[in-house]
Amino acid sequence: MHWRRLRRRCQQVIGGIPIPDPFSAQELCARLAVERDRPLRLLALPTPTVPGTPSGMLLSVDTEDFVLYDAQTSPLHQEHIIVHEIGHLVCNHRSAVDDQELYRHLDIGDPRSVRQVLARIRYGDEQEQEAEMIATLILEAAGRVPAPTLLSGMLGGLESAMGLRTGHRAGASCSTR
């Protein structure tokens, strides 16, 4: 999918999402829970993630939704993981596989209540691209990451290769709360 088309489509999806100011992923989840009239809970994964395992996960059961995230990474990365999973939620993405083995590891009282699990491992499919774009757009709107400019694309790379750019400023506007 062409990234401009993806970006436009995702901007339409997040147009009605109440972005908190000042921004926090926790407050965004609280606002979405109220707007959707359905609990949305954040849970830290019990151990740090390693390559090949999900750093985030959306888990929906009959009565509520959970966003699981790696709490042992940087605060900005935690926010990105959480907002990526929110992207899956607001796009109404569905899991492609029914992974009963995964459910058993999550200590859910009734694994049959699980409606969907979306684990964040690969980014090649359309759902993952949408969730990544949603996360990027929300974090841009919140001022956590800089919005793209003409020079941040191909021309930015050329500028850097020619030695015209002395420092990398991406993410400079992010706070370390």
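Predicted model: local features only at pLDDT ≥ 70, side-chain atom pairs only at ≥ 80, totals over all residues.
Across the chain, 36% of the 177 residues count as buried.

## Cysteines without a bond

How many disulfides does the structure hold? The count is zero. C10 is in no disulfide, and the nearest cysteine sulfur to it, that of C91, sits 5.5 Å away.

## How the chain is laid out

The chain has six helices and four strands. Reading from the N terminus, the order goes α-α-β-β-β-α-α-β-α-α.

As for who touches whom, take the contacts between residues at least 6 apart in sequence: 66% of them join residues at least 24 apart.

## Where α1 meets α5

Two packed helices are described by the angle between their axes and the distance between the axes. For helix α1 (residues 3-14) and helix α5 (residues 126-141), the axes come within 9 Å and cross at roughly 65 degrees. The crossing of α1 past α5 is right-handed.

On the α1 side, the contact is made by W3, L6, R7, R9, C10, Q11, V13 and I14; on the α5 side, by E126, Q129, E130, M133, I134, L137, I138 and E140. So what kinds of residues are these in the contact of α1 with α5? They split into nine nonpolar, two polar and five charged.

## A look at S60

S60 belongs to strand β2 (residues 56-61). Is S60 buried or exposed? Its relative accessible area is 2%, which puts S60 among the buried residues.

S60 and L89 are 29 residues apart in sequence, and their C-alpha atoms lie 9.0 Å apart in space.

The mean pLDDT of the chain is 76, with 67% of its residues at 70 or more. Where is confidence highest, and where lowest? Helix α2 (residues 25-36) comes out highest at 95, while helix α4 (residues 100-105) is lowest, at a mean of 49.

Then there's the stretch over residues 165-177, where the pLDDT is below 50. Leaving aside near neighbours in sequence, residues 165-177 have 18 contacts in the model.

How values were computed: Residues numbered from 1 in each chain as written. Heavy atoms only, no water. Disulfide = S-S within 2.5 Å. Axes fitted to C-alpha atoms, helices over the stretch in contact; angles between N-to-C directions. Helix = DSSP H or I, 4+ residues; strand = E, 2+ residues; numbered from the N terminus. Left-handed = near helix turned anticlockwise from the far one by under 90°. Contact = heavy atoms within 4.5 Å. Nonpolar A, V, L, I, M, F, W, Y, C, P; charged D, E, K, R; others polar. pLDDT = per-residue confidence, 0-100. Buried < 20%, exposed > 50% of the residue type's maximum accessible area, 1.4 Å probe, protein only.
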